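Please keep the model open beside you as you read the points below.

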Amino acid sequence: VVDGAKAVLGTKNSDDFFDIVDKHSHVKGIVFGHIHQEFFSIRKTISLFGSPSTGLQFTPGTKEVAISNESPAYRILNLHSDGKIETEVVRVSQ
């Protein structure tokens, strides 16, 4: 299981990042990529969305990089004025 705080952009200073984010109650979600797999977690009240790659996918939960058989994909976001976030990952044919 990937720690959502550490997964955000793979930053080494994720605690500093979240110290800033925590000061802004209007932040409802954080979207990030370059992890080559779908990811979702919640940290406090903030949804964390990792977007899959439009190319190769990595196998989740492995210590070494491993290529998955999953198709390329992208994430659609619908952002609502009340702060609600609807999202869907769409797989595409290769």
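This is a predicted model: local features need pLDDT of at least 70, side-chain atom pairs count only at pLDDT 80 or more; totals for chains, interfaces and linings use all residues.

1. Let us start with one residue. Phe-40 has a relative accessible area of 48%, so Phe-40 is partly exposed; buried means under 20%, exposed over 50% and partly exposed in between, using a 1.4 Å probe and protein chains only.

2. Residues are numbered from 1 along each chain as its sequence is written, and side-chain values use heavy atoms, with hydrogens and water left out.

3. Now the aromatic rings. The structure has three aromatic pairs; rings of Phe, Tyr and Trp (its six-membered ring) pair if their centres lie within 6.5 Å, and planes under 30 degrees apart count as stacked, over 60 as edge-to-face and the rest as tilted. One of them joins Phe-17 and Phe-18: the ring centres are 5.2 Å apart and the planes stand at 80 degrees, so this pair is edge-to-face. Phe-17 is partly exposed at 28% relative accessibility, while Phe-18 is buried at 2%. Phe-40 and Phe-49 form a tilted pair, because their planes are at 40 degrees, with the centres 5.3 Å apart.

4. For the overall layout, the protein chain contains two helices and five strands, in the order α-α-β-β-β-β-β along the sequence. Helices (H or I, at least four residues) and strands (E, at least two) are DSSP runs, numbered from the N terminus. The protein chain has 94 residues, and 30% of them count as buried.

5. Where does Ser-51 lie? Ser-51 is in the loop between strand E3 (46-50) and strand E4 (73-79), and Ser-51 is buried at 16% relative accessibility. Beyond its neighbours within four places in sequence, Ser-51 is in contact (heavy atoms within 4.5 Å) with residues including Val-31, Phe-32, His-36 and Arg-75.

6. Finally, the surface. The protein chain exposes about 6500 Å², with carbon and sulfur atoms supplying 53% of it; accessible areas come from the Shrake-Rupley method with a 1.4 Å probe. Leu-77 sits in strand E4 and is partly exposed, with a relative accessible area of 34%.
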